[in-house]
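Q: Hi! Please walk me through this one, starting with the strands.

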Amino acid sequence: MGYDPAAALLVVDVQNDFADRTGSLYVAGGEEVAELINQQVASAQDAGAVIVYTQDWHPRSTPHFAKDGGMWPVHCVADTWGAEFYPDLVVVDNAIRIRKGVGGEDGYSAFNLRDPESAEQSTTGLADSLRSRGVERVVIAGLALDYCVKETAVDAISEGLTATVIADATRAVNLRPVTEPGR
Ligand SMILES: [Zn+2]
């Protein structure tokens, strides 16, 4: 991807609940992204690019979850197995880590959070962190394409960054696949 110190690799939500077949919000093929992402992490590291890992990190009850009035099965509850990084993912030490949804917000984007009840927006601080390091463009990979990866890319562009999504290193939730009627 041509990394250099003005680039950042954003590794979005490669966590057990999304990437493991037994995870509560398993994304089909999610386990396949780790190897390609690890190659990207190595390239980014070699080139002195910034590396960012995000994690969905929810309280036990949040309007993000269906049981509390939202739309998702319970997933990525703070300090549980489901919220841990998928074990095949290489997590380097000198990286920025962002936890999303900690205060009960919907945490789709790595940049911004949204209160599901008041719709109030707040920031994760990532844009400022990247700007302070001179980052001008981001490369995005991880889970899931149609929610967190997409929202992260849209917000990156809003922040004036150039954004590239590595299509092979992401998979979609596809909440209502056309082949699965009756949901
Ligand atoms: Zn979530």
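Q: What does Leu 9 stand opposite?
A: Leu 9 faces Ile 51 in strand 2. This is a predicted model, where local features need pLDDT of at least 70, side-chain atom pairs count only at pLDDT 80 or more, and totals for chains, interfaces and linings use all residues. Residues are numbered from 1 along each chain as its sequence is written.

Q: And how do strand 1 and strand 2 pair?
A: Strand 1 (residues 7-12) runs parallel to strand 2 (residues 50-56), with 5 bridges joining them. Pairing takes at least two DSSP bridges; strands (E, at least two residues) and helices (H or I, at least four) are DSSP runs, numbered from the N terminus.

Q: What's the order in the whole sheet?
A: The open sheet has 5 strands, ordered 3-2-1-6-7, with parallel pairing.

Q: So which strands stand at the edges?
A: Strand 3 (96-100) and strand 7 (162-171). Each has a single partner strand, so one side of each lacks a neighbour in the sheet.

Q: New topic: which residues of helix 2 are buried?
A: In helix 2, Val 33, Ala 34, Ile 37, Gln 40, Val 41 and Ala 44 are buried. Buried means 20 or more other C-beta atoms within 10 Å of the residue's own, exposed 12 or fewer, with C-beta atoms placed from the backbone.

Q: Why do they line one face?
A: Looking down the axis of helix 2, the buried residues fall within an arc of 120° (taken from axis-to-C-beta directions), so they share one face.

Q: What's exposed on the other side?
A: On that side of helix 2 you'll find Glu 35, Gln 39 and Asp 46 exposed.

Q: And what comes just after helix 2?
A: There, Gly 48 has a positive phi of about 75°.
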